[in-house]
Amino acid sequence: MTIKVGLAQTNVTFANPEENFKRVEEYAKKAADQKVDVVVFPEMWNTGYALDQLDEIADKNGIQTQTLLKKLAIQYHLNIVGGSVSTKRDGHFYNTSYVVNEQGNVVSAYDKVHLFGLMHEGDFITAGSNETTFELAGVPSTGVICYDIRFPEWLRTLSRHDAKVIYISAEWPDVRIPQWELLVRARAIENQAYVVAVNRVGDDPDNHFNGHSLVVDPLGKIVEQAGEQEELVVASLDLDSIDQVRGQIPVFEDRRPDLYK
Ligand SMILES: O=C(O)CCC(=O)C(=O)O
């Protein structure tokens, strides 16, 4: 079985949801034109890291985002990993990822679990504490947000129920791109899964973001990689190769959780 994924490596206009919603519509159309099965967006694409303005601009209960993603999914018969958006619920802010299948059903709503101290994220945003696994385009999958990928134990926790694709949405600054690539490849190798990792491009007041979104196969090989500009990158995932890789080196069976703290 093969699926075609589209990595929407977009800019994010700082603190300007209206413009960012238009950009997501435009890229969903581009993905549909390329006949992809799944399109993936970057982290915090509605507001960027405008953390001190969230009270005015975060998506209340995620309604605007979910409404748009459902509409686009149905209109284009498209599965959408909706990156993440800043949301406001019950007086708290979250960094939330919605995944919507081509029928327009929200199959996952995940709040970022590990908040990034270097950007003072935890001073504004409340951390999530729930796992997520979902089926998308007929494939058992999971997904995390940016800094979450530095925690292999979390990715292993999410992958242990046979996730074959791990989706990652990020706002990962250019200065740490060498680490981004290595972390993404390591998560693919250790979980013997495809990883589809989408970063943004452009600038905010504190950082420059230079993309380098990538798709990595279960052996850690880069299948496709974006450059440093806004673009849609398309890749095919050969999901049958996963059983072969897991059959040869059965790391999930060989684990010793009795020894792990
Ligand atoms: O871990 C990193 O270096 C980047 C993380 C980050 O920028 C984020 O989680 O928003």
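Biologist: Where is the place of His120?

Modeller: Quick caveat before that: this is a predicted model, where local features need pLDDT of at least 70, side-chain atom pairs count only at pLDDT 80 or more, and totals for chains, interfaces and linings use all residues. Residues are numbered from 1 along each chain as its sequence is written. Helices (H or I, at least four residues) and strands (E, at least two) are DSSP runs, numbered from the N terminus. His120 sits in the loop between strand 7 (106-111) and strand 8.

Biologist: Is His120 buried, exposed or partly exposed?

Modeller: We call a residue buried if 20 or more other C-beta atoms lie within 10 Å of its own, exposed if 12 or fewer, and partly exposed in between, with C-beta atoms placed from the backbone. His120 has 13 C-beta neighbours inside 10 Å, so this residue counts as partly exposed.

Biologist: What phi does Gln192 have?

Modeller: Most residues other than glycine have a negative phi. Gln192 is in the loop between helix 5 and strand 11 (194-199), and is buried, with 25 other C-beta atoms within 10 Å. Although Gln192 is not a glycine, its phi is positive, at about 50 degrees.

Biologist: Which residue in strand 10 is the bridge partner of Gly143?

Modeller: Two strands pair if DSSP finds at least two bridges between them. Strand 9 and strand 10 (residues 165-170) run parallel, joined by 5 bridges. In strand 10, Gly143 is partnered by Tyr167.

Biologist: Why is strand 9 largely enclosed by the rest of the structure?

Modeller: Strand 9 covers residues 139-145. On one side of the story, strand 8 (residues 134-136) pairs with strand 9 in the antiparallel sense over 3 bridges.

Biologist: How many nonpolar residues are in the shell around the ligand?

Modeller: A residue is near a molecule if its C-beta atom, placed from the backbone, lies within 6 Å of it. The ligand is surrounded by Phe116, Met119, Cys146, Tyr147, Arg150, Glu171, Trp172 and Arg176. Ala, Val, Leu, Ile, Met, Phe, Trp, Tyr, Cys and Pro count as nonpolar, Asp, Glu, Lys and Arg as charged, and the others, Gly among them, as polar. The shell has 3 charged residues and no polar ones, and its nonpolar count is 5.
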